[in-house]
Structures are given as C-alpha cells and as structure tokens.
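Morning, everyone. Please have the sequence and the 3D view open. I'll take a few spots in turn.

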Amino acid sequence: MGINKSVVRLATAQALAGANSTVVFATGAIIGNSLAPSASLATVPISVFVVGMALGTLPSGMLVRRYGRKASFMAGNASGCLMGLLAALALFLGSFPLFCLAMLFGGAYASVVQSFRFAATECVGPADKPKAMSYVLAGGVLAGVVGARLINVTMNAWAPYAYAVTYLGAAAVAVLSAVVLRGVRFERQPDRPEDGGRPAREVLRQPQLLVAMFCGVVTYMMMNFLMTSAPLAMELCGIARIHANHGIEMHVIAMYAPSFFTGRLIARFGGAAMVMTGLVLTALSAVAAMSGITVQHFWLCLVLLGVGWNFGYLGASAMVLKCHTQAEGPRVQSINDFVVFGTMAVGSFLSGSLLNAFGWGSVSALVLAPLCAAAASLVWLHRSSRFSPSTAQESSEGSESAG
C-alpha cells in the first residue's frame, strides 16, 4: 500500500486524540482519588469516560449514515475540546461531579476516534483495508509520547491546581486534531441506508460476528480493567507519579507500535489467529502483575497488556469487517463498538472498588477467566459446522467493495 494522504491524516489525528486519552488514563484515577468523597470512587471518572465511549458510538454511527464521516469527526473534536475545558474548571473548583461530566464528553470524543480505523478502509482499495486500519492505529504510537510529555510538562504548571493546565492543553490538542481531519478524502462515501443491506437482526445472527464482538469485549474490557487500576495501584505501592506516567506512556506505545505490522499478520494468518495471540499476551500481562509490585513488574504488565490489546482488537475488527456489506458497515460497526465499550464500562466501574478491597494482585487474577472464555469461543468457531463459509465470503466481498 502506497502512502495515502487521507490515511496519514487519520493516523495523525489518532495520535493527537490518543494523547487526550493518555492524559485521562494516566491522571483520571489519581485526580479521582483526590476529589472523590471516598477512595473506592477513585476510578469512577475513568469509568464515566468509558460510559461516554459507549453512549457516543450509536449517535456517531447515525451521524455517519446521515451526514458522512466528517460530521462525526467534528462532533467528536468538539466533545474533546469541551472535556479539556470542563476538566480544568473542575480542578479549579475542586468539583468531583464536574470532573466526571468532563470525562463523559471525553469518552464521546474517544468513541469517534475509535471509528478512525473503519474510516481508513473507505480511503483505500479492497486489498489495503487491513493495512489501512493498522496504519491508523500506528499513529497512536505518538499518542503515548505526546500525552505523557504533556502531563509531565504541565501537571504542576499551576501549582495549586495540579493537572489543570494539562487539561487545557488537551482541549488545544482536540482543536488541532479537527484541523487535521478537515483534509481527509474518501474514495467513496458510505451507501445511504436506502441503498440496501440486511436487517440488523439478520446480520447479528452470524456466529463469526458474535464471536468477534465477544472477543473485542474481552480484549478491551480486560485491558481497561488493568490499565485503569495500574496508576493508582502504583501510587498506593509508594511508586512516584513520574514512574506511573512513564508506565502509561510505554503502555500506549505498546498498544499502537505493533500496528506497523499487525495488518500484514492479519492478511497472512487471519483475524482469529491474531485475536488468540492477543488473548495469550494479555494473560501473560496478568501473570506479570501477580508476580510482584516493583516498578519493573508494573511496566512489564503494561507493555504486554498493550501488545495483547493491539493484536486482539485489530484481529476482532478485521473479523467484523468480513461480516457486513458496504451499506451495512456504519450501522454494524457502531453496534459492535457500542457492545464493546458498554460492556467495558462494567469492568471499569468495578476496578476501583476491587482494587481498594482486595489489592492489585487479586484484580490482576480476575482477568484470566474471561480470557479463557474468549479463547474457547474462537476454538468453537473454528470447529463449528454452523458457520457457513459461503455467507462469510459473501459478506467479505460486500465489505471489500467499500472504498
């Protein structure tokens, strides 16, 4: 795949928007711990962020169907800017509810950003779709660096209100992302709803789609479960915040750096094989977390967690692409993301109270059972005679007509 300017713009926007998410995940639980009335509520802001992701997916898909991708992009960036401004105001006022409201808008922004990987497939030909998705997520490599540097430079810039300037910077980054996205061009706009497509109920009966959604849920939920808890767990273990920030930076880089070659691996081995690899790596990250509470143990956990998420999430996304036609794409993709992020919110809400009650080791151990269930679903799909190859091929051909 040659250099496609629109894919480059989407990758750049992914880096900028991902920096905002890095800020949230690195600071949300720490700020929550200082503002919340109870320590058990420390991770609620990040949980609200995840709820915002879930709530934003279906409206985002509706905007795409009615007005096109760019309308959805601009709505997302407006939400990101509002998040930064409201969060800074919340820190100035010391308001926990206002900070949580800011996180809701931040999650809505992140839900739009998640659609960038699907938008990239509409900028290239059929053969380049997996690579386009990977390249866009690869832009997130810079997100870890930019986000961590933004935090380290600004977190004490206004001493009485730690992180207030950080969130003002996040608002500015969202504006810059909007400028970048204005230049994206699509080879072909998504078909209008009246152009056809199967009913959603029929599409959702496909075993491959159901397994892909389940694996996406487990991959993202378990990653968020551990990542949400890690910065606060490090602080509770007496580890300096600068090391926690660096750990999140390495985690975000590990989430996106494999994207430079994940698309090629998917094209060669298939999405299901990549999902299975991601599940194994995520399990290894949990084992690393249970093995000790030194800085090195936390960092190893976060790096393995990031790579596992990349393989699992991109692999599951590739499986989803093979289950819908062009006309069905925006609707099926938004439903998939709604299910993934909606379920992920459950784990995010539980992480803070579980960490407070049982400790980091127990929180880490809890991820193993869902990972085994997701792996079992992949084995079942591989062996199941209920899955019709002809249906998959037809859906895949329909999906590949996009762009």
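Is Tyr 163 buried or exposed? Tyr 163 counts as buried, at 2% relative accessibility. Here are the cut-offs: buried means under 20% relative accessible area, exposed means over 50%, and partly exposed is in between, using a 1.4 Å probe and protein chains only.

Now some ground rules. This is a predicted model, where local features need pLDDT of at least 70, side-chain atom pairs count only at pLDDT 80 or more, and totals for chains, interfaces and linings use all residues. Residues are numbered from 1 along each chain as its sequence is written, and side-chain values use heavy atoms, with hydrogens and water left out.

Back to Tyr 163. Tyr 163 sits in the loop between α7 (140-154) and α8 (164-181). Helices here are DSSP runs of H or I, at least four residues long, numbered from the N terminus. Tyr 163 is not a glycine, yet its phi is positive, at about 75°.

Next, the cysteines. A disulfide is a covalent bond between the sulfur atoms of two cysteines. The rule used here is a pair of cysteine sulfur atoms within 2.5 Å. How many disulfides does that give? The count is zero. Cys 237 is partly exposed, with a relative accessible area of 34%. Cys 301 counts as buried, at 1% relative accessibility.

On to a helix pair. Look at α6 (residues 129-138) and α14 (residues 295-321). They pack at an angle of about 145°, with axes 11 Å apart. The axes are lines fitted to C-alpha atoms over the stretch in contact, and angles run from 0 to 180 degrees between N-to-C directions. Which residues make the contact? From α6, Met 133, Ser 134 and Leu 137; from α14, Trp 309, Tyr 313, Leu 314, Ser 317, Ala 318 and Leu 321. Contact means heavy atoms within 4.5 Å. By class, that is seven nonpolar, two polar and no charged residues. Ala, Val, Leu, Ile, Met, Phe, Trp, Tyr, Cys and Pro count as nonpolar, Asp, Glu, Lys and Arg as charged, and the others, Gly among them, as polar.

Last stop, Ala 244. Ala 244 lies in helix α11 (residues 241-256). Ala 244 counts as buried, at 3% relative accessibility. Leaving aside neighbours within four places in sequence, Ala 244 is in contact with Pro 231 and Met 234.

How values were computed
Helix = DSSP H or I, 4+ residues; strand = E, 2+ residues; numbered from the N terminus.
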